[in-house]
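Take a look at the protein shown below. This report walks through a few of its residues, helices and strands.

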Amino acid sequence: MATSLSLSKTLSTHRPTPTPTSLRHANHHATTSLSLSSTSSSLLNPSLTLKSTRTTAITPRASVISAVIAAESDVSVVDESVNTIRFLAIDAVEKANSGHPGLPMGCAPMGHILYDEVMRFNPKNPYWFNRDRFVLSAGHGCMLQYALLHLAGYDSVTVEDLKNFRQWESRTPGHPENFETPGVEVTTGPLGQGIANAVGLALAEKHLAARFNKPDAEIVDHYTYCILGDGCQMEGVSQEACSLAGHWGLGKLIAFYDDNHISIDGNTEIAFTENVDKRFEALGWHVIWVKNGNNGYDEIRAAIKEAKAVTDKPTLIKVTTTIGFGSPNKANSYSVHGSALGAKEVEATRGNLEWAHEPFHVPAEVKKHWSRHIPEGAALEAEWNKKFAEYEKKYSDDASELKSIITGELPSGWEKALPTYTPESPADATRNLSQQCLNALAQVLPGFLGGSADLASSNMTLLKMFGNFQKDTPEERNLRFGVREHGMGSICNGIAMHTPGFIPYCATFFVFTDYMRASIRMAALSEAGVIFVMTHDSIGLGEDGPTHQPIEHLASLRAMPNVFMLRPADGTETAGAYKVAVQHRNTPSVLALSRQKLPQLPGTSIEGVEKGGYAISDNSTGNKPDIILIGTGSELEIAAKAADDLRQEGKTVRVVSLVSWELFEAQPDSYKESVLPADVTTRVSIEAGSTFGWLKYVGWKGKAIGIDRFGASAPADKIYKEFGITKEAVVEAAKSMC
């Protein structure tokens with residue numbers, strides 16, 4: 001008998017006390033619960049998200065949607081609606097005395113046509129799986145999106161929310177935040193991140209469609225729309241991501257370029273004169289130019305229709321607009337970009353656009369016009385649920401796997417697939433042990449996919465049972481990002497935000513987190529559980545020298561909120577790190593892995609890794625060792641050897657693996673005291689990186705052995721000796737205190 005999936009979402013805006021499960025916010029996908037019944041009709045309620053495509057040529061959207069696009073709307077209602085969007089933005093920015101009114105005023109026509117005429121969504125279920133996705137890459141113009149969500153009937157943006165724009169605990173923050181406002185797909189603000197996220201969203205759709213659509217059942221069928229501005233175009237991350245979008249042939253990605261020629265410093269001709277059209281054509285995009293974005297509604301409609309007809313490549317629609325359209329004295333100038341118009345200019349704009357309404361007013365005819373989206377959205381979801389019920393009857397195995405991806409519910413016993421190790425297992429680099437874990441997880445986690453920035457053979461991240469995700473093989477799970485670290489991270493963030501069951505990973509050398517730090521930070525802020533696999537984690541990489549040897553990187557990422565920084569010491573700890581990373585879907589994990597071989601240490605455990613810090617050996621009693629030695633990663637072996645020497649001299653020594661500071665800090669005080677008792681002040685830490693931050697664990701009387709200068713080019717053993725990252729240094733430091 002066929003079963004069905006019912007998802008309920010608890011939409012909560014409060015921020016819980018940090019826990020190991022969520023170190024910053026409530027689940028941006030909300031609380032998901034699963035219930036099974038004897039029929040698939042209950043799929044009407046789910047917050048589901050089914051993705052991607054089986055073939056590269058995608059069947060056009062339902063004829064009724066095409067008809068809506070082609071139909072001519074009542075011009076007067078459209079004009080009134082567009083001006084409503086403009087003035088909701090103007091009024092909110094004016095009340096807050098903070099914000100960016102220019103973009104919403106210029107982009108209101110394309111925003112109206114997208115949300116009112118083109119996009120498929122259900123306002124009462126922002127997480128319906130087969131909805132179209134919208135990303136405002138130019139996130140500073142977020143009042144455009146808030147106004148559209150309000151008009152469309154989303155409960156997350158009421159008129160009171162609009163009036164509280166940019167205020168404490170508001171659901172309308174100064175840039176779109178997915179964890180605060182249901183209906184916002186991804187967090188944007190740092191320019192270029194949004195379009196890169198959109199590439200990830202479109203990749204996810206194409207991948208899922210390729211895996212699950214059938215000749216008689218197209219259940220994954222949605223578009224990703226994005227509005228980006230001149231600033232996004234200038235940022236390098238957009239070039240990286242858009243290059244890949246063209247290479248991958250993401251035909252359901254349609255980006256609108258708000259071509260208004262204004263940035264904060266003035267006209268873009270002072271710094272940005274390239275031919276964007278030709279650049280995107282060279283990247284493999286279809287390019288359309290809408291010359292009148294201010295009120296050329298039919299031009300915009302025609303461009304969207306043309307974009308949807310091109311199924312083998314993404315489309316850039318360049319829409320030439322006037323920033324601050326309607327403002328008599330500030331339109332087409334930088335002064336309308338990032339500050340309120342001011343009372344006099346607001347009144348002048350009202351007069352110029354013949355808007356004789358009080359602030360935050362939505363005319364009755366506009367309300368009536370937009371009110372249809374609530375019943376239409378429910379009907380769209382109900383139609384899809386019916387289609388999925390038929391799909392489930394015919395393709396039960398595929399339906400079950402797809403449900404797992406949609407809900408994010410991990411298969412029962414998935415963690416048992418992780419490899420196990422004993423002290424007798426051969427020594428190996430943790431990057432190699434990581435590859436064993438990756439390949440084991442890919443066999444049991446249907447949403448597990450990822451790749452490397454042109455270093456798969458060095459990061460050891462290839463999934464051996466799958467081929468490469470390419471334009472003509474989108475069902476495969478190895479993502480080839482090329483040398484594009486920043487774009488890679490942002491694309492993976494988009495994949496993670498598409499559907500709860502996607503678990504993307506991406507990889508490069510640890511030192512090159514410098515190239516993608518913004519992406520890692522956005523993953524942490526957005527609660528996107530991306531797994532960042534970072535190899536060559538220390539001076540242990542040897543001869544490549546200081547350009548490739550991380551020093552400050554561990555400390556830097558430990559300082560970032562809502563990130564698990566994990567540095568495993570052997571195979572067991574590597575498996576434990578992956579268990580943590582997979583379980584915590586609202587917190588990204590960074591795994592720092594060695595190039596050099598390391599032994600499988602006695603006493604390490606997956607359970608210990610889950611607590612962040614634990615003792616791997618201890619010859620003391622009563623929680624009163626003479627000395628505590630603390631290590632991470634490759635230096636845990638050094639601490640263990642130093643402990644052996646000190647014990648031979650009659651000392652009681654506890655060796656602690658502090659594999660993740662964040663997980664350790666999340667433990668109860670009683671547990672932390674059991675590992676690092678306050679009365680034991682003779683403590684030595686050893687880590688082949690900056691000593692910054694170690695004072696917290698060794699105390700003022702303890703000693704931290706590390707590296708507070710750049711590395712050097714030499715064989716690893718020689719560098720370790722010259723920098724004093726040795727057993728002898730640990731023994732000497734311990735003896736100097738007792």
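## A histidine and its partners

The side chain of His486 makes a polar contact with the side chain of Gln193, at 2.8 Å. A polar contact is a pair of N or O atoms within 3.5 Å; within protein, one must be able to donate a hydrogen and the other to accept it, and residues adjacent in sequence count only if both atoms are side-chain atoms. This is a predicted model: local features need pLDDT of at least 70, side-chain atom pairs count only at pLDDT 80 or more, and totals for chains, interfaces and linings use all residues. Residues are numbered from 1 along each chain as its sequence is written, and side-chain values use heavy atoms, with hydrogens and water left out.

His486 sits in helix 17, residues 485-498. Helices (H or I, at least four residues) and strands (E, at least two) are DSSP runs, numbered from the N terminus. His486 has a relative accessible area of 17%, so it is buried. Buried means under 20% relative accessible area, exposed means over 50%, and partly exposed lies in between (1.4 Å probe, protein chains only). Leaving out residues up to four places away in sequence, His486 touches Gln193, Val237, Glu240, Tyr515, Met516, Ala518 and Ser519. Contact here means heavy atoms within 4.5 Å.

How many residues of strand 4 are buried? Strand 4 spans residues 224-228, and five of its five residues are buried. Thr224, Cys226 and Leu228 point one way, while Tyr225 and Ile227 point the other way.

Two strands pair if DSSP finds at least two bridges between them.

| Pair | Sense and bridges | Residues standing opposite |
|---|---|---|
| Strand 3 (residues 133-136) and strand 4 | parallel, four bridges | Leu136 and Ile227 |
| Strand 4 and strand 5 (residues 253-259) | parallel, five bridges | Tyr225 and Ile254 |

Lys308 belongs to helix 10, residues 297-309. Is Lys308 buried or exposed? Its relative accessibility is 11%, so Lys308 counts as buried. Lys308 and Ile254 are 54 residues apart along the chain, yet 8.2 Å separates their C-alpha atoms.

## Two sides of helix 11

Helix 11 covers residues 343-352, and its buried residues are Glu345, Val346, Thr349 and Arg350. Seen down the axis of helix 11, these residues fall within an arc of 145°, so they line one face of the helix. The arc is that of the directions from the helix axis to the C-beta atoms. On the other side of helix 11, Ala343, Lys344, Glu347 and Gly351 are exposed.

What covers the buried residues of helix 11? The cover includes helix 2 (75-96) and helix 3 (102-118). After helix 11 comes Glu354, with a positive phi near 55°.

## A serine in a loop

Ser690 lies in the loop between strand 21 (683-686) and helix 25 (695-698). Its relative accessible area is 13%, so Ser690 is buried. The side chain of Ser690 reaches the backbone nitrogen of Phe692 at 3.0 Å. Setting aside neighbours within four places in sequence, Ser690 is in contact with Ile551, Glu552, Ile707 and Asp708. From Ser690 to Ile705 is 15 residues in sequence and 8.8 Å in space, C-alpha to C-alpha.
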